[in-house]
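Take a look at the structure below. We will start with a pair of helices and then move on to a group of strands.

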Amino acid sequence: MRASEAIFERAKRVLPGGVNSPVRAFRAVGGTPPFITKGKGCRIWDLDGKEYIDFVGSWGPLILGHSYAPVLQAVEKAMRNGLSFGAPTAIEVDVAELLVAMVPNIEMVRMVNSGTEAVMSALRVARGVTGREKIIKFEGCYHGHSDAMLVGAGSGALTQGEPDSKGVTQGAAGDTLTAQYNDLHSVQALFDANPDEIAAIIVEPVAANMGVVPPQKGFLEGLRAMCDKYHALLIFDEVITGFRLARGGAQEYFHVRADIVTFGKIIGGGMPVGAYAASREIMRQVAPTGPIYQAGTLSGNPVAMAAGLAQLQILDQNSGYYTDMERKAQAMAQAMRNSAEKHHIKLTVNQCGALLCPYFTDDPVNTFTDTKKSDLEQFKQYFHGMLARGIYIAPSQFEAVFINISHKDADIAAACSAVDAVFADL
Ligand SMILES: *Cc1c(COP(=O)(O)O)cnc(C)c1O
């Protein structure tokens, strides 16, 4: 038995499904997940010593690659002074100032410990500021696992074939209204039915938890206009798109202003960090200056801040990284299309910035309903073919391929030739 199989047996006795987050368990694709021992650049190694080129990057955070020296050094340096104080530290101010400088339309920030927490808190702020209770979200968009957001959620919930969760009360779910991504009429219908009750629209500016579905022209602009008309707030959940599409995230990439922005993943450089940010007017409403309570014992943790600061500084100073990642993502998407054509496979590849996703259908994929047309049996075969050839992609159709700085052209080429070999066998 392989070492990963042996430990997965042990894991399943003490962790539900053998994991601490559901998609890791490989339920959607079958088989045993490799247990990872280390990573360097775009490569990871498992317990059995097998090497992979990694296109998950911890689900996005590691945009500079694994074990990036300046990030590790910053963590080591911070760690030697102690792990946590529960009192203010200077580095929290450094990170907040850098965020405000990098991201458009934000003036103040609150640090939290995960993307889930960032979203949960942003929703409270939106409700507190507007005095309204209802939230519009989009089917297939994932915003973490807080009660109100486990309605029509993508990713893990989708993969498990269980869009909702047991344990979420009617009360928590009842104020969440769901619309269709890339369909402004569905949003208008919700405003028509609840004109003075909607506190906010929350959206992934690029939907990246139902594969990758970019916003069609006018969609984000339309949401902005409706929020203005009905005095609702627009929340961009930039937990994936933040610092990935551009230095300033989706607001910069698409030139659309959000009222509240949530961050996670890249912001922590691989450590557990999230944040939400907005104008000073909105953020002053948060405790201790305002009546909206939100707190965290380990929030702004100095070691986590050190990792995030080091990574963000490098992104801030190298705007050329974004064009480089986009070029590689485009090359990989095009190579996939070419192989599919060569081997007569129905395939649509969506790509936006450093994110891409192949769907096994020849119909265009612009909505949540479209994503369901992908042939999941073919995805499974493709996934295992890639894994066997040492290419590690997310074990679910409804996740992105994450390109990062550490992928060299040769790594992209290796992945593309694996795709070609796998497609030849499908
Ligand atoms: C991952 C993700 C979250 C949740 O972040 P966690 O750190 O896993 O809690 C929220 N929103 C989006 C868009 C995400 O991709």
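The crossing of helices H3 and H11 is left-handed. This model is predicted. H3 covers residues 90–102, and H11 covers residues 302–317. Their axes lie 9 Å apart and meet at an angle of about 30°. Angles under 35 degrees count as roughly parallel, so H3 and H11 are roughly parallel to each other.

Which residues bring the two helices into contact? From H3 come Ile 91, Glu 92, Asp 94, Val 95, Leu 98, Leu 99 and Met 102. They meet a set of residues in H11, including Pro 302, Met 305, Ala 306, Leu 309 and Leu 312. Gln 313, Leu 315 and Asp 316 in H11 also take part.

Now turn to strand E9, residues 260–263. In a regular strand, side chains alternate between the two faces of the sheet.

E9 pairs with strand E8, residues 233–237, in the parallel sense. Three bridges join E8 and E9. In one of them, Asp 237 has Thr 262 of E9 as its partner. To get from E8 to E9, the chain passes through helix H9, residues 249–254. This β-α-β crossover is right-handed.

E9 also pairs with strand E10, residues 274–278. Here the sense is antiparallel, with four bridges. Ile 260 stands opposite Ala 278 in E10.

Technical notes
Residues are numbered from 1 along each chain as its sequence is written. This is a predicted model: local features need pLDDT of at least 70, side-chain atom pairs count only at pLDDT 80 or more; totals for chains, interfaces and linings use all residues. Side-chain values use heavy atoms; hydrogens and water are left out. Buried means under 20% relative accessible area, exposed over 50%, partly exposed in between (1.4 Å probe, protein chains only). Two strands pair if DSSP finds at least two bridges between them. A crossover is right-handed if, with the strands pointing away from the viewer, the path from the first strand over the helix to the second runs clockwise. Axes are lines fitted to C-alpha atoms, for helices over the stretch in contact, and angles run from 0 to 180 degrees between N-to-C directions. Angles under 35 degrees count as roughly parallel, over 145 as roughly antiparallel, 65 to 115 as roughly perpendicular and the rest as oblique. A crossing is left-handed if the near helix is turned anticlockwise from the far one by less than a right angle, and right-handed if clockwise. Contact means heavy atoms within 4.5 Å.
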